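My notes follow the structure.

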Amino acid sequence: MSEIGRPDLTCATMRSFAFYPGPTLLAGAGQTETLLARLPGGPVLLVTDAELRRLGLAEALLAALARSGREVRLFDNVEADPSRATLLAAVAAGRAAEVASVIGFGGGSPMDVAKLAAYLIGAGDDLDAIWGVDVARGPRLPLALIPTTAGTGSEATPISVITCEGGVKLAVNARPLVADVALLDPELTIALPRHVTAATGIDAIVHAVEAFTSARLKNPVSDALAREALRLLTVNLVRACDAPEDLDARGAMLLGAHLAGLAFSNAPVAGVHALAYPLGGMHHLPHGLSNALMLRPVLEHNAEAARELYAELAPIVDPACANAGTQGRVRSLIDGLERLCVATGLKLKLRDHGIAQDDVPRLASEAMKQTRLLVNNPCEISERDARRLYEAAW
């Protein structure tokens, strides 16, 4: 025992775990030149989407690339939930231009395409040979990622999700997909519509909650990142929605999303995401909105299995519950996250988004294909459970 009557932990045996850091991080406005200095000269593939071009958000980056003397192959055809065809078109464009590096600029979709394009161009692997966890092991081109939303955390992760035939989402999760450098610039998020700020923010919150309660690979470092991410995100989300030019709130959201990305790239997400993916694949709902729709039903399903962990997170969301019992804190966590969703303006029923009740059986069947996510849930979600959870969300 220590002198103050507490266990002496200085000689305690540490539980074994592995934690993989993300890219070099640059945070703040005006660091584009610093980012480009970390990439080689030569042609660059810039992956983005048409809406960001329309908003003019990519113009400063394009100007910086021009000043650097680099030839730019612009690929701005990325859609939400990017398809296999879109990914392969980006790869073909990069190969044709013999690019030396890749930059992903935008939300999760352009960044996911950029990560896999950099890998496929660099390694020459066949896409169908690398689906899954730690299958891709080859070299990739130098890669930089610049998020324009505070949500996916894709700039921090080794994960790329692509929508394939029949709306099925497949993923590559492998260390070579971690970018060399990421830039968090809050000025790039000011032009986001409120509903995008809201949905992407909830996505990041779910990343934090699911990483903290993941049944696999959870560790003290991912826990610390998840807790701090949840704090930053819950304090600043409504503020960022209500006052979109508040750079402090925008910066805190970007940092929170990045920390959540680091957390879940080490302690993977689970049931909320598994049930959210079919909503995107079948009905093309934005990913963050899909997570918001399934958040309460899945957390209630997990409430007993994850009770201690949910209770630990609850005071971050609702400080008033700190002295309650564990069940009371779990209820405060679930209610508090739902109140946060509502305060952003999101509608939280499937029927509000044109989804028929008759779709529930197929949604449940498709969710069962997300085995890489379901295995991380604190308790089992069977197909029968999934039907019940979609019914609750309807």
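Which residue lies over the face of Trp-394? I looked it up in what is a predicted model: Arg-351 lies there, at 5.0 Å from the ring centre.

I then turned to the other ring on my list. Lys-218 lies over the face of Phe-212, and the distance to the ring centre is 3.9 Å. I also looked for pairs between aromatic rings and noted that the structure holds 0 of them.

Next I went to the strands. I started with β4, which spans residues 101-106. I found this strand mostly covered, with 6 of its 6 residues buried.

I checked what β4 pairs with. Strand β2, residues 44-47, pairs with β4 in the parallel sense, over 4 bridges. Within that pairing I noted Val-44, which stands opposite Ser-101 of β4. Strand β6, residues 143-147, also pairs with β4 in the parallel sense, here over 5 bridges. For Ile-103 I looked up the bridge partner in β6 and found Ala-144.

Which residues make the nonpolar patch of about 280 Å²? I listed Met-14, Phe-17 and Val-221. I placed Met-14 in the segment before β1, a strand that covers 24-27.

Definitions and conventions
Residues numbered from 1 in each chain as written. Predicted model: local features only at pLDDT ≥ 70, side-chain atom pairs only at ≥ 80, totals over all residues. Heavy atoms only, no water. Buried < 20%, exposed > 50% of the residue type's maximum accessible area, 1.4 Å probe, protein only. Helix = DSSP H or I, 4+ residues; strand = E, 2+ residues; numbered from the N terminus. Pairing = 2+ DSSP bridges. Phe/Tyr/Trp six-rings, centres within 6.5 Å; stacked < 30°, edge-to-face > 60°. Lys NZ or Arg CZ within 6 Å of the ring centre and 35° of its normal. Patch = residues over 30% accessible without salt bridge, like charges linked within 9 Å, V, L, I, M, F, W, Y side chains within 5 Å. Areas by Shrake-Rupley, 256 points an atom, 1.4 Å probe, with all protein chains shown as cover. Salt bridge = Lys/Arg side-chain N within 4 Å of Asp/Glu carboxyl O.
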